[in-house]
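Biologist: I have not looked at this one before. Can you walk me through it, starting with whatever you have on cavities?
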Amino acid sequence: MLKPEHLRTLREVVQRGSFAAAANRLGYTPSAVSQQMAALEREMGVTLFERFAHSVLPTSAAEVLARHAEVVLIDIERMISTVQEVHRNSERQIRLGIFPSFADVLTGVLRDMEPADRAAIRLTVAEPSQLIPRLGAGGELDAAIVYQVGNSGLSWPSSLGRRWVAEDRYKVVLPRGWPDLAPYRVEQFVDLPWIVHHPASSDASFFDGVFARWRLHPRVACHSDDFKITLAMAESGLGAALVPDLALRDHGRDIVVADVPWLNTSRSIFTLVRPDRESARLQSLLDALAV
């Protein structure tokens, strides 16, 4: 039975004209190449090379065999690729990461899925900076839906595929019990108490820039990186906050959501996918999650 590795070696020897050059290309020793070619000659029952002190000359039989080997090897590679693709598409488990305020989008999609498809999902909920390392080599995630606020310094390996999902605009959230601030001019926000992210986080740095741009001097009433807690604190009257649209889905009734024209701030949501983990099943889920 002919071995594919012997055919690959034959192809390289014929193309490069020596056992040593073929060995260098394939990562073998010249001795291993010579042994493979001798085994192939025994299998075929013909002489494939005229051997000289420092070179080899392929016979006509070797050249014919090399041409046929090229076709066979392409078919083998195509077969392997097809089987691997079928395997990926039939995999039952999808390992997905999302950031916390994207959970409402996901739960809506999960409700409409078949029970077997829903059971196949393995979910991780964390901030983008925690999800991205899990997409690296040996990581447990197939894909992650993340966001970036301005030039927050978020980075990811160039090997990951990137797919844009949406721009998520920030709104100003105000306690309903506060006096009406419409039409929401900048000077009305100068000395308000605010609920802000913890210092040194990427979001906090970005919001500090927003406040500085408009010469706002927030009196910090609370630090919170969890938008559900932020909204609860705003509902209680503790302070104003900047909250993205996604986190405002099904918000409580004790807040006022102000779309402040001068703010014009959003975060970019996108999916990062490991190319070696892509499948039709994963693609279908990501399509359904498009905001």
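Predicted model: local features only at pLDDT ≥ 70, side-chain atom pairs only at ≥ 80, totals over all residues.

Biologist: What volume does the largest cavity have?
Modeller: About 70 Å³. The count of cavities of 30 Å³ or more comes to 1.

Biologist: Changing topic. Which residues touch the most other members in the largest nonpolar core?
Modeller: Phe-102, Val-172, Phe-189, Trp-194 and Leu-289 do, in a core of 55 residues. Strand β6 (residues 161-175) gives the most to this core, 6 residues. Trp-194 is also one of the residues lining the largest cavity.

Biologist: What is in the second core?
Modeller: That core is separate and has 14 residues, including Ala-23, Met-37, Leu-40 and Ala-62.

Biologist: Now the whole chain. How many helices and strands are there?
Modeller: The protein chain has 10 helices and 11 strands.

Biologist: Why is the chain described as more spread out than a compact globule?
Modeller: Because its radius of gyration is 30 Å, well over the 19 Å that the globule rule gives for 291 residues. Along its principal axes, the C-alpha trace spans about 95 × 45 × 25 Å.

Biologist: What share of the residues count as buried?
Modeller: 41% of the 291 residues do.

Biologist: And the contacts, what share join residues at least 24 apart?
Modeller: 73%, taken among contacts between residues at least 6 apart in sequence.

Biologist: One last thing, Arg-11. Where does it lie?
Modeller: Arg-11 is in helix α1, which covers residues 4-16.

Biologist: Buried or exposed, and why?
Modeller: Arg-11 counts as buried, because its relative accessibility is 15% and the cut-off for buried is under 20%.

Biologist: What is Arg-11 in contact with, leaving aside neighbours within four places in sequence?
Modeller: Glu-70 and Leu-73 are its contacts on that basis.

Notes: Residues numbered from 1 in each chain as written. Heavy atoms only, no water. 1 Å grid on protein atoms, 1.4 Å probe; cavity = no way out; pocket = protein on both sides within 12 Å on 5 of 7 lines; lining within 4 Å. Points joined across faces, edges and corners; volume = space filled by probe spheres on them. Core = buried A, V, L, I, M, F, W, Y, C linked by side-chain atoms within 4.5 Å. Buried < 20%, exposed > 50% of the residue type's maximum accessible area, 1.4 Å probe, protein only. Helix = DSSP H or I, 4+ residues; strand = E, 2+ residues; numbered from the N terminus. Rg over C-alpha atoms; globule rule 2.2 N^0.38 Å. Contact = heavy atoms within 4.5 Å.
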